[in-house]
Amino acid sequence: SQNCCSLVLTLHTLSKAMMHSWAVFLSLIASCTAHQSGWFYDLVRQQQAEVMRRYPPPKDTPEFSLLEVCGGTGSYSDGRAPGACAQGLMHNATPQEMRYVRLVFTPLHRTAPVVLAFHNVSTNATSYEYSSSFWVGDAYDVTDWSKSISLEDAHARFAAVAGQDFGNFVWRAMEYRCVFEPVFVFSTSNGTMLFVGAYANKVCKTAVMTENDTLGCKPDCYDVIGNHASNMESSIVV
């Protein structure tokens with residue numbers, strides 16, 4: 001909002017004296033600029049509307065919201081859930097490169113019922129699968145797609161550290177200690193992974209985005225400013 005961004009500008013003026021690192025300032029900017037746009041945002045919005053049309057949620061149940069999503073060059077069965085996203089070389093996060101997306105919808109901050117949407121980007125065709133079972137493995141209570149940075153923004157942050165190419169990506173909040181938000185997980189060409197915070201807007205070596213001395217949480221992140229990156233340790237504390 002305008003008031004939020006005005007606050008950021010004020011804090012920027014005082015940043016040299018009051019902030020320990022640019023990571024704090026960048027996180028504040030992210031909170032003002034998390035309003036998404038682009039082809040992937042449109043895809044999620046369209047699929048959410050179609051899921052609501054096909055499967056109206058039960059009375060007194062929140063609307064379906066994105067709990068998890070992945071993108072790749074195709075699909076395969078990983079033995080846990082149908083339609084996982086296959087690895088394949090992609091040069092950027094565009095629909096020309098990303099030919100398949102699987103979206104997992106549940107009522108906001110709940111894990112059931114579940115609707116899986118399997119979307120073929122190349123043909124613009126989607127199939128759906130409904131289940132009354134619980135979806136396990138994601139921290140649903142901290143997951144809110146409407147507060148996330150966009151896929152395009154996350155990939156730009158990733159690219160500043162590892163280059164444009166990646167194998168696939170997953171957006172989800174993992175049920176791990178020290179993980180308080182969803183992350184974009186990008187696989188790299190050398191088989192490693194980098195994590196971009198959906199809310200913190202940081203690029204890290206693990207899904208830990210915030211420091212918490214009580215729980216022993218310490219991020220291991222990169223300082224990404226413009227198109228340059230260097231290793232850093234976050235000073236954001238919760």
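A polar contact here is a pair of N or O atoms within 3.5 Å; within protein, one must be able to donate a hydrogen and the other to accept it, and residues adjacent in sequence count only if both atoms are side-chain atoms. Keep that in mind for the first stop.

Some ground rules before you click. This is a predicted model, with local features needing pLDDT of at least 70 and side-chain atom pairs counting only at pLDDT 80 or more, while totals for chains, interfaces and linings use all residues. Residues are numbered from 1 along each chain as its sequence is written, and side-chain values use heavy atoms, leaving out hydrogens and water.

**Stop 1: Ser187**

Select Ser187, which you will find in strand β8 (residues 183-187); strands are DSSP runs of E with at least two residues, helices are runs of H or I with at least four, and both are numbered from the N terminus. With 5% relative accessibility, Ser187 counts as buried (under 20% relative accessible area with a 1.4 Å probe, protein chains only; over 50% is exposed, and in between is partly exposed). Now show Gln87: its side chain makes a polar contact of 3.1 Å with the side chain of Ser187. Leaving aside residues up to four places away in sequence, Ser187 also touches Phe158, Phe166 and Met193, among others (contact means heavy atoms within 4.5 Å).

**Stop 2: the aromatic rings**

Next, select Phe158 and Phe166, both of them buried. A search of the whole structure finds eleven aromatic pairs (rings of Phe, Tyr and Trp, the last by its six-membered ring, with centres within 6.5 Å; planes under 30 degrees apart are stacked, over 60 edge-to-face, the rest tilted). Phe40 lies in helix α3 (residues 39-54) and Trp145 in the loop between β6 (125-131) and α4, so the pair ties together parts 105 residues apart in sequence. Back at Phe158 and Phe166, the centres are 6.3 Å apart and the planes at 80 degrees, so that pair is edge-to-face.

**Stop 3: helix α4**

Select residues 151-162, helix α4. Its buried residues include Leu151, His155, Arg157 and Phe158. Just after α4, Gly163 takes a positive phi of about 90 degrees.

**Stop 4**

Finally, select β5 (residues 114-120), joined to the antiparallel β6 by seven bridges (two strands pair if DSSP finds at least two bridges between them). Leu116 stands opposite Glu129 in β6. Between the strands are four residues, and Asn124 in this hairpin has a positive phi near 55 degrees.

Technical notes: Expected span 1.5 Å × (residues − 1).
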